[in-house]
Amino acid sequence: MSVNKVILVGNVGADPDVKYLENGVAVCRLSLATNETYTRKEEKVTQTEWHRLVLWRKLAETAEKHVKKGDLLYVEGRLRSNSWEDKEGIKRYTTEIFVDSFKFIGSRGDKEVQTSNVVEKSQTQSSEANAAEDATDDLPF
């Protein structure tokens, strides 16, 4: 048995980039920023990590209509890694999160969005997001 599950809470970095394939299937790409704040030598340091999100079908269409730059989202999905050779023959790598569900947090309200999983035929279910604790405290170790 194995598990591939990603949960993120962060801010959308840019408006959604939605494209429609020849067969009419929508695919959306988003960037999501998560921040980790810690104290180093009595100085508060914030480190931002950027995540590439991929949404398919109805979830992509919903993101196109409702998601905007700066929105705070709770996201559940799966990691996908890809490699390819660029024009110069150099091997490149990328890791993306294929989103199964997302939920608006904060000023947008508690609207939850779900879609059927692209790989599986069953509908995914997202659990309720607990309020993220402020990560400004020092680690206990």
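Author: Thr37 has its place in strand S3, which covers residues 26-40 (strands are DSSP runs of E, at least two residues, and helices are runs of H or I, at least four, numbered from the N terminus). This is a predicted model, in which local features need pLDDT of at least 70 and side-chain atom pairs pLDDT 80 or more, while totals for chains, interfaces and linings use all residues. Residues are numbered from 1 along each chain as its sequence is written, and side-chain values use heavy atoms, without hydrogens and water.

Reader: Which pattern does the chain follow along the sequence?

Author: The chain holds one helix and seven strands, and they come in the order β-β-β-β-α-β-β-β.

Reader: Is Thr37 buried or exposed?

Author: Thr37 counts as buried because its relative accessibility is 14% (buried is under 20%, exposed over 50%, partly exposed in between, with a 1.4 Å probe and protein chains only). Of the 141 residues of the chain, 33% count as buried.

Reader: With which side chain does that of Thr37 make a polar contact?

Author: The partner is the side chain of Thr46, at 3.2 Å.

Reader: What is phi of Lys41, and where does Lys41 lie?

Author: Most residues other than glycine have a negative phi. Lys41, however, has a positive phi, near 50°, and lies in the loop between S3 and strand S4 (43-56); its relative accessibility is 81%, so Lys41 counts as exposed.

Reader: Where is the place of Arg57?

Author: Arg57 belongs to helix H1, residues 57-66, and its phi is positive, near 50°, in a residue other than glycine. Arg57 counts as partly exposed because its relative accessibility is 38%.

Technical notes:
A polar contact is a pair of N or O atoms within 3.5 Å; within protein, one must be able to donate a hydrogen and the other to accept it, and residues adjacent in sequence count only if both atoms are side-chain atoms.
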